[in-house]
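Colleague: Please take one part of this model and go through it closely, starting from a single residue and working towards the strands and their packing. I would like the cut-offs stated as the terms come up.

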Amino acid sequence: MCISTAEAAFSGTIVYCGRQHHPEHGLIHVLGYQNTVANLANGPNAMLLHLPTRQLSPRHFLSAGRTGDVLHRMVTAVESAAAAADGIAWMGAEPQPVQVFDHDVYTVLLAADPTAVTGALRQVSPHRRPDLDPDLLRFYADHFPDHTIAVCCFDNADAQRAKPLLLWYPPLDPDRLTVPALDSHTGAPPDLDAAAPVDHWVLLSTDQAPSDWGAPVVYPGDMRHRLRAFLPTTVVGRHFGRGQTLPNGDFTISHRDLLSGDLDRIERLQPTPPPAERAGQAGGRMSTEPDITQKCAVGHPRE
């Protein structure tokens with residue numbers, strides 16, 4: 001349910017994307033990502049996420065603190081609302097080329113140029129330092145040139161549910177909410193032609209929704225004010241799983257469709273080939289088509 005640098009087992013993935021106008025940072029997207037992971041490799045491992053922003057630093061990462069169940073609270077809100085609806089579920093300084101820091105169980109490397117990550121691995125403690133396939137890093141550089149890549153290094157042999165990764169950023173497209181969900185657990189680039197098994201809760205929010213939109217989320221009374229300022233009052237969501245497979249890709253929805261509550265408009269988003277490959281496919285002529293992604297409809301999940 002994500003990309004890892006070596007064999008790993010991921011389950012129970014919850015992804016969240018919220019669109020909001022923050023009083024200090026303006027229009028931002030907030031991403032939440034959580035799963036249960038077991039490292040099946042002989043040595044360290046890492047999870048890779050591509051994030052649709054050019055601006056990302058350690059200050060954009062939010063500590064969940066004592067509220068490690070914040071995304072599960074969102075799932076509970078959606079499930080409770082679905083049960084109440086007779087079981088109808090909705091489903092200043094120049095930054096360093098690679099920034100390295102610890103966050104919860106991970107050592108995180110952030111890079112606008114994925115190919116620069118290899119040289120920064122020496123800053124990661126040996127017990128968490130993974131072997132990174134250069135072809136995988138080149139895949140990200142070719143297919144997501146405007147994104148920031150996060151390499152989240154870990155080494156736990158037993159299945160462990162980490163606290164959620166929570167971060168905010170100025171998005172590339174404010175009116176499209178996208179969460180990373182490309183799948184490959186071999187350390188090699190993902191196969192974009194293969195169907196991928198899914199085990200995801202996809203949660204979404206917007207602060208422009210009407211008062212009767214979504215399911216209210218209950219947070220603990222002692223939650224830190226700084227974290228609460230980035231979290232939604234109401235959410236919608238859908239679960240994709242139970243043996244379901246989808247084209248390999250991310251999940252995405254337009255803000256307009258989100259406001260309408262039409263979660264059947266959630267799509268799988270696939271990267272297009274890099275420019276050189278597109279030129280070859282066009283018989284040597286570069287396409288002037290501005291789209292940088294390929295979308296395919298998901299539809300209502302199979303039960």
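Modeller: Setting aside neighbours within four places in sequence, Ser254 is in contact (heavy atoms within 4.5 Å) with Asp175 and Arg176. The model is predicted, so to speak: local features need pLDDT of at least 70 and side-chain atom pairs pLDDT 80 or more, whereas totals for chains, interfaces and linings use all residues. Residues are numbered from 1 along each chain as its sequence is written, and side-chain values use heavy atoms, with hydrogens and water left out.

Ser254 belongs to strand 17 (residues 250-254); strands here are DSSP runs of E with at least two residues, helices are runs of H or I with at least four, and both are numbered from the N terminus. Ser254 is buried, with a relative accessible area of 12%, where buried means under 20%, exposed over 50% and partly exposed in between, for a 1.4 Å probe and protein chains only. The side chain of Ser254 also makes a polar contact with the side chain of Asp257 at 3.1 Å; such a contact is a pair of N or O atoms within 3.5 Å, one able to donate a hydrogen and the other to accept it within protein, and residues adjacent in sequence count only if both atoms are side-chain atoms.

Five of the strands form an open sheet in the order 1-4-8-7-6, with antiparallel pairing; two strands pair if DSSP finds at least two bridges between them. Strand 1 (3-4) and strand 6 (98-103) stand at the edges with a single partner strand each, so one side of each has no neighbour in the sheet.

Leu48 has Val151 as its bridge partner in strand 8 and stands opposite Ile3, while Met47 stands opposite Cys152 in strand 8. Seven of the seven residues of strand 4 are buried, so the strand is largely enclosed by the rest of the structure. In a regular strand the side chains alternate between the two faces of the sheet. Here Asn45, Met47, Leu49 and Leu51 point one way, and Ala46, Leu48 and His50 the other.

Met47 leads on to the nonpolar packing. A nonpolar core is a set of buried Ala, Val, Leu, Ile, Met, Phe, Trp, Tyr and Cys residues joined through side-chain atoms within 4.5 Å. The largest has 39 residues, and Met47, Leu204 and Phe251 have the most contacts inside it. Strand 2 (residues 8-22) gives the most to this core, with four residues. A second, separate core of 24 residues includes Ile14, Leu166, Ala215 and Tyr219. Beyond four places in sequence, the contacts of Met47 include Ile3, Phe10, Tyr33, Tyr106 and Leu165.

Helix 3 (residues 134-143) lies across strand 1, strand 4 and strand 8, running at about 10 degrees to strand 4; the axes are lines fitted to C-alpha atoms, for helices over the stretch in contact, and angles run from 0 to 180 degrees between N-to-C directions. Within helix 3, Leu136, Leu137, Phe139, Tyr140, Ala141 and His143 are buried, and their cover includes strand 1, strand 4, helix 2 (117-120), strand 8 and strand 18 (267-271). At the start of helix 3, a side-chain oxygen of Asp133 reaches to within 2.8 Å of the backbone nitrogen of Asp135.

Further along the sheet, Val108 is found in strand 7 and is buried, with a relative accessible area of 0%. Its contacts beyond four places in sequence include Phe61, Val100, Phe101, Ala150 and Val151. Asp104, in the loop between strand 6 and strand 7 (106-111), is by contrast partly exposed at 39%, and its phi is near 55 degrees, a positive value in a residue other than glycine.
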